[in-house]
Amino acid sequence: MSRQSPPDTSAGRRSCLYAAILATAILPSSTLIAAPNALVELQAQIDKGHYETAKLEISAMQQKEPDHPDNSTLAFEAERMRRIEMEFTIPPEQLLTSIRRYIPDATEEDLSRWNTAGLLEYKIINGEQRYFNKAAYNLVHISDEAAARTADYRRFTDRAPLYRLHPHHSAVIEAHTGGEAPLRQRLAITYSLTVDADAVPDGETVRAWIPFPKELPGRQENITLLNSTPAEHQLAPADTPQRTIYFEKTARAGVPTEFSVEYAFDSLSRYFSIDPAKTEPMDGQALSAFLEERAPHIQFTPELRALSQRIVGDETNPYRIAQKLFTHVDQIPWAGAREYSTIRNISQYAAHAGHADCGQQTLLLITLMRMNGIPARWQSGWEFSPESFDTMHDWGEFYLAPYGWMPMDVTHGVLESASEAERWFYLGGLDSYRLIFNTDYSRPFTPTKQHFRSETVDSQRGEVEWRGGNLYFDQWDYKMQWQPVAAENKKLQTAGQ
């Protein structure tokens with residue numbers, strides 16, 4: 001998908017986790033205070049829902065050696081539990097009421113059936129069952145039977161013009177195959193981030209990182225910074241994998257702390273007409289970084305190896321393999337996502353949860369591609385449309401010789417068309433309504449963030465902290481507004497509306 005927050009969400013979209021990634025305030029990394037397997041045992045307790053016991057153990061470890069560098073790893077495990085508890089809040093006795101917001105005639109018998117089918121995500125926390133805040137919203141996305149019983153509710157992708165065949169797709173194909181220039185859209189963006197009043201003590205410095213577009217020839221060009229508040233800022237280098245514009249501002253008692261940035265850029269379409277017979281062997285050594293595992297979210301687990309074998313079978317042609325993998329992941333229903341920091345291995349989760357959002361689908365596809373010798377990598381930002389639709393979005397790129405790096409957007413997936421070029425548009429093509437902030441995931445910011453990130457995989461909403469720690473999504477809000485530059489007298493579109 002695209003990951004637009006449903007009406008009943010509170011904290012925003014997502015995040016990621018593992019105890020051994022980067023020591024860059026994305027996640028702590030370390031060896032452990034006690035025995036080598038102490039962290040593994042602690043995480044196992046957390047995953048079984050024994051939160052109170054785990055919190056006591058973390059506190060005891062931290063008190064034993066207050067200055068030990070491993071304390072940051074332990075602190076994030078505690079923070080991860082806090083985030084999970086914020087997202088899994090619905091007790092069983094309140095679930096039916098939540099579902100009746102979408103399906104007014106839902107019954108206890110329906111609830112039992114949906115539970116048995118695994119359509120309602122929950123966790124056992126300290127011995128009590130707690131359902132995901134978006135469980136009811138997600139039900140009508142992953143169950144055709146449930147969706148058919150809603151009055152006028154439309155699934156997320158039903159509201160997205162480019163998630164089905166659109167004249168823009170054929171226009172892109174014609175432009176690229178006819179020797180014309182790529183389609184180009186110039187878009188103006190106004191982004192604001194507002195920290196809640198008194199979220200930071202009076203007189204303290206608030207530090208904010210707002211995502212900022214990357215210059216990518218042939219994809220995203222002519223980036224122009226128009227204005228910012230505060231005027232003083234630090235723009236990360238253009239080659240930063242997760243690019244941001246950084247601000248500082250002093251908090252004042254009783255007053256929200258506000259930041260904003262305005263810029264314009266050109267978004268260009270991409271399209272490759274791929275002939276499977278023309279694919280060539282490639283230099284795996286030169287692209288080895290995009291063929292490897294990268295814990296925690298790209299791991300060739302036994303379960304994923306078995307899944308890959310079932311999907312690919314005896315196929316040997318790289319493009320045909322890519323098509324099979326793309327089709328399989330496309331068939332996973334889109335649903336509103338948990339914050340990524342609450343998931344230990346996102347690709348594994350996407351393969352088995354029965355639903356996935358755009359970033360989860362993309363990480364699963366990247367993992368399966370790499371497992372089959374096809375280089376693949378991450379890309380993300382926002383997507384817009386020829387109409388009023390917009391959302392945060394993740395997609396990726398894959399590599400086939402002699403074509404090189406090509407786009408892949410498995411959440412848009414295989415389009416319904418009799419034309420092969422249109423059907424497979426998003427496996428080798430991309431529309432011209434993208435805003436690209438990131439060419440990788442879970443990479444450090446410039447300047448470095450000192451505390452844990454709220455979103456530890458992606459960077460699309462922003463990050464905020466002060467001397468006393470990170471400010472999570474429930475302590476600030478954001479607004480993205482956009483408009484085509486050429487459209488005179490047209491009001492800015494407000495993202496998500």
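Reader: How many residues of α12 are buried?
Author: This is a predicted model, and in it 14 of the 14 residues of helix α12, residues 358-371, are buried, so the helix is largely enclosed by the rest of the structure.

Reader: What span should α12 have, and what distance separates its end C-alpha atoms?
Author: At 1.5 Å a residue, the 14 residues of α12 should span 20 Å, and the end C-alpha atoms are 20 Å apart, which agrees.

Reader: And what is found at the start of α12, and what follows the helix?
Author: At the start, a side-chain oxygen of D357 comes to within 3.3 Å of the backbone nitrogen of G359. After the helix comes G373, which has a positive phi near 80 degrees.

Reader: Let's turn to the sheet, then. In what order do the four strands of the open sheet run?
Author: The order is β13-β12-β11-β15, and the pairing is antiparallel. The edges are taken by β13 (404-408) and β15 (434-438), each of which has a single partner strand, so one side of each is left without a neighbour in the sheet. On average, and ignoring direction, neighbouring strands of this sheet are turned by 40 degrees against each other.

Reader: Over how many bridges do β12 and β13 pair, and which strands does α12 touch?
Author: Five bridges join β12 and β13 in the antiparallel sense, and within that pairing G396 has M408 in β13 as its bridge partner. Helix α12 packs on the sheet, where it touches β11, β12 and β13, and its direction makes about 160 degrees with that of β11.

Reader: Which residue forms a salt bridge with R377?
Author: R377 forms a salt bridge with E397, with the closest N and O atoms 2.8 Å apart. Since R377 lies in strand β11 (residues 376-383) and E397 in strand β12 (residues 391-400), the pair ties together parts that are 20 residues apart in sequence.

Reader: Are those two buried or exposed, or something in between?
Author: R377 is partly exposed, with a relative accessible area of 23%, whereas E397 is buried, with a relative accessible area of 6%.

Reader: What else does R219 touch?
Author: Leaving aside residues up to four places away in sequence, R219 touches D266, S267, L268, R270, Q379, W395, E397, L430 and I436.

Reader: Moving on to β5 itself, how many of its residues are buried?
Author: Six of the seven residues of strand β5 (residues 205-211) are buried, so β5 is largely enclosed by the rest of the structure.

Reader: Which strands does β5 pair with?
Author: β5 pairs in the antiparallel sense with strand β8 (residues 244-250) over seven bridges, and T205 has T250 as its bridge partner there. β5 also pairs with strand β16 (residues 463-466), again in the antiparallel sense, over three bridges, with R207 standing opposite E465.

Reader: Back to charged pairs for a moment. How many salt bridges does the model have in total, and what does E221 pair with?
Author: The count comes to 30 salt bridges. The side chain of E221 meets that of R184 in one of them, at 3.2 Å from N to O. This pair links distant parts of the chain, with E221 in strand β6 (residues 220-229) and R184 in strand β4 (residues 184-195), 37 residues apart. E221 counts as buried at 18% relative accessibility, while R184, at 42%, counts as partly exposed.

Reader: Last topic, the hairpin: how many residues lie between β2 and β3?
Author: There are two residues between β2 and β3 in the hairpin, and N126 in the turn has a positive phi of about 50 degrees. Strand β2 (residues 122-125) and β3 pair in the antiparallel sense over four bridges, and K123 stands opposite R130 in β3.

Reader: What does the side chain of R130 meet in a salt bridge?
Author: The side chain of R130 meets that of E128 at 2.8 Å, N to O. E128 is partly exposed, with a relative accessible area of 43%, and R130 also counts as partly exposed, at 22% relative accessibility.

Terms used
Residues are numbered from 1 along each chain as its sequence is written. This is a predicted model: local features need pLDDT of at least 70, side-chain atom pairs count only at pLDDT 80 or more; totals for chains, interfaces and linings use all residues. Side-chain values use heavy atoms; hydrogens and water are left out. A salt bridge is a side-chain nitrogen of Lys or Arg within 4 Å of a carboxyl oxygen of Asp or Glu. Buried means under 20% relative accessible area, exposed over 50%, partly exposed in between (1.4 Å probe, protein chains only). Two strands pair if DSSP finds at least two bridges between them. Contact means heavy atoms within 4.5 Å. The expected span of a helix is 1.5 Å times one less than its number of residues. A polar contact is a pair of N or O atoms within 3.5 Å; within protein, one must be able to donate a hydrogen and the other to accept it, and residues adjacent in sequence count only if both atoms are side-chain atoms. Axes are lines fitted to C-alpha atoms, for helices over the stretch in contact, and angles run from 0 to 180 degrees between N-to-C directions.
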